[in-house]
Amino acid sequence: MDKELVLVIDFGGQYNQLVARRVRENNVYCEIYSYKTPLEQIKAMEPKGIILTGGPASCYEEGAASCDEELFRMGVPVLGICYGAQLMSHVLGGKVEKAPVREYGHTDLKVDVTSPVFEGVPENTTCWMSHFDYISAIAPGFKSIATTDNCPFAAIANDEEKLYGFQYHPEVLHTPEGSRMLRNFLMNVCGCKGDWVMSSFAQEQIKAIREKVGDGKVLCALSGGVDSSVAAVLLSKAVGKQLTCVFVDHGLLRKDEGDQVEAIFGPEGPYDLNFIRVNAAERFYVKLAGVSEPERKRKIIGEEFIRVFEEEAKKIGRVDYLVQGTIYPDVVESGLGGESAVIKSHHNVGGLPDYVDFKEIIEPLRNLFKDEVRKVGLELGIPDALVFRQPFPGPGLGIRIVGDITAEKVKIVQDSDAIYREEVENAANEAAYEAAEAAGVVIDRNNPDHALLRSYWPSWMPDQYFAALTNMRSVGVMGDERTYDHAVALRAVKTIDFMTAESAQIPYEILMKVMNRIINEVRGVNRVLYDLTSKPPGTVELE
Ligand code: XMP
């Protein structure tokens with residue numbers, strides 16, 4: 001594909017994927033590569049610009065992540081961020097030392113507004129700092145273009161050679177002008193046009209898949225999650241009935257979820273593909289009977305899933321390609337750096353089947369971030385409810401039932417969870433309609449634009465929320481009767497990347513309503529608890 005490419009060179013910093021996402025938000029395609037990537041490979045990709053990320057090391061230390069001086073001499077614009085800026089200075093003859101004052105957090109920044117990277121940025125702004133080293137002397141040909149109280153070289157520039165360095169992190173929201181600065185680098189310095197859009201991505205992929213697959217047979221394990229659904233739809237648009245989707249209902253899905261997936265992908269749905277639903281709940285329950293150790297449950301579910309999938313695949317006969325919904329964060333997290341070809345195996349269904357013979361794996365989404373996958377999904381006409389579905393773990397409710405799993409417990413969690421989701425979503429939508437109206441934006445209640453509606457959701461709206469079943473039973477009273485029933489835990493978290501999370505502050509009256517409904521409507525529950533634990537020390541799931 002002939003498109004503008006910017007490379008993000010990864011030095012191990014915590015915000016590296018965020019840098020890449022910020023670049024793509026400007027409709028400039030970019031990819032992340034390890035700092036170990038050979039210079040020749042970088043040159044061959046003909047990037048319009050290069051961004052060096054932050055990293056945990058000190059660039060002057062023996063063995064620290066480094067780069068070739070030649071990287072800065074290729075005539076390709078380079079922006080160094082934090083460690084990247086220090087490394088640029090270090091390699092080109094400046095000096096980097098331990099800072100007399102370590103800067104962390106919001107810091108006042110004074111910028112040279114005549115610099116092309118600061119076009120439109122106010123002279124006095126703030127930035128997010130997180131460093132213990134600093135640039136104490138700049139390299140020949142460079143000048144300072146921004147300062148803080150403790151940093152004489154908070155941003156540096158060599159305009160002639162198009163080399164720039166920011167000591168702070170422009171990619172995080174805490175640097176309010178950061179997006180503009182990155183955009184300025186991409187447009188003013190690299191000369192990017194910003195013409196990479198999702199609609200063309202979908203059409204290009206469909207064409208490419210069609211050419212590759214020819215008249216081959218394709219198999220897809222469809223979970224009903226966003227990634228595998230978008231991958232399946234791309235494939236079905238490309239090769240139609242040559243695609244078979246196997247959907248394993250392991251009996252640990254949310255309430256009515258199996259039917260919802262079938263309604264979209266089954267014969268009554270809008271897509272022309274072979275859809276096979278396997279109702280395997282009994283099989284899974286038998287295997288899981290009496291097992292309460294979380295990792296053992298995960299393993300049993302993962303293995304059984306593969307067995308069921310294999311059995312179905314055997315019935316289909318010859319398969320040429322297997323489709324996986326791998327997305328870019330999976331690829332990056334598996335360790336990129338020129339070794340990307342071997343990173344193919346892990347998807348959340350729990351690995352690849354051993355006994356399905358196929359030529360090749362197709363991963364149409366392997367270069368996309370989650371929000372981009374959603375855009376493609378909308379582009380392809382997949383229903384909003386599916387595109388914006390909450391993350392749901394592969395082992396499903398199996399890890400939301402503390403202790404052993406029974407059909408009765410599954411039903412309790414499903415019913416409680418459905419009530420919880422219904423009430424929270426209704427309350428958030430109601431608040432959003434009101435907020436939109438107050439802002440003078442009209443959203444049609446009968447046929448709402450879901451993406452727009454979501455943008456007005458209140459700040460308490462969790463990124464993930466669900467009901468789980470504790471393995472506690474306690475005494476209660478209902479009517480005049482003593483009860484001895486289960487306790488349901490409500491979980492709700494706010495998070496950016498699911499690596500860390502905080503409990504969401506859902507308004508009390510909504511929680512009360514949920515509690516009341518669960519106690520009244522779900523048999524076997526006499527107590528509802530709200531989980532306040534953040535991650536760490538907790539995890540999002542209870543197991
Ligand atoms: P934890 O519990 O690890 O969850 O804090 C972080 C995110 O990952 C999801 N999760 C899983 N997803 N298979 C999956 O596909 C799993 O075994 C699994 N365990 C947790 C969880 O729902 C949350 O979004």
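Is A231 buried or exposed? A231 is buried, with a relative accessible area of 0%, where buried means under 20% relative accessible area, exposed means over 50%, and partly exposed lies in between (1.4 Å probe, protein chains only). The structure is a predicted model, in which local features need pLDDT of at least 70 and side-chain atom pairs count only at pLDDT 80 or more, whereas totals for chains, interfaces and linings use all residues. Residues are numbered from 1 along each chain as its sequence is written, and side-chain values use heavy atoms, with hydrogens and water left out.

A231 lies in helix 6; helices (H or I, at least four residues) and strands (E, at least two) are DSSP runs, numbered from the N terminus. Not counting residues up to four places away in sequence, A231 touches V323, Q324, G325, P364 and L365, a contact being heavy atoms within 4.5 Å. A231 and L365 are 134 residues apart in sequence, yet their C-alpha atoms are 6.8 Å apart in space. Helix 6 spans residues 226-239 and also holds S229. S229 counts as buried, at 0% relative accessibility. Its contacts, neighbours within four places in sequence left aside, are L222, G224, F265, I382 and L386.

The next element is an open sheet of 5 strands with parallel pairing, in the order 12-11-10-13-14. Two strands pair if DSSP finds at least two bridges between them. Strand 12 (274-279) and strand 14 (360-362) stand at the edges; each has a single partner strand, so one side of each is left without a neighbour in the sheet. From one strand to the next, the twist averages 25°. Strand 11 (residues 243-249) runs parallel to strand 12 and is joined to it by 6 bridges, with F247 opposite R277 in strand 12. Helix 7 (residues 257-265) lies across both strand 11 and strand 12, and runs at about 165° to strand 12. Such angles run from 0 to 180 degrees between N-to-C directions, and axes are lines fitted to C-alpha atoms, for helices over the stretch in contact.

An antiparallel arrangement is found elsewhere in the chain. Strand 5 (residues 95-111) pairs with strand 6 (residues 124-137) in the antiparallel sense over 12 bridges, and 2 bridges join strand 5 to strand 7 (residues 143-147), also antiparallel. K110 has a bridge partner in strand 6, N124, and stands opposite T147 in strand 7.

Helix 8 (residues 281-288) and helix 9 (residues 294-316) have axes that come within 10 Å and cross at roughly 145°. In this contact R283, F284, K287 and L288 of helix 8 meet residues of helix 9, including K297, I300, E304 and F305. By class, the contact has 6 nonpolar, no polar and 6 charged residues; Ala, Val, Leu, Ile, Met, Phe, Trp, Tyr, Cys and Pro count as nonpolar, Asp, Glu, Lys and Arg as charged, and the others, Gly among them, as polar.

The cysteines remain to be considered. A disulfide is a pair of cysteine sulfur atoms within 2.5 Å, and the count by this rule is 0. For C190, the nearest cysteine sulfur is that of C192, 5.0 Å away. C190 is buried, at 9% relative accessibility. The sulfur of C245 has its closest cysteine sulfur in C220, and the 4.2 Å between them is too far for a bond. C245 is buried too, with a relative accessible area of 0%.
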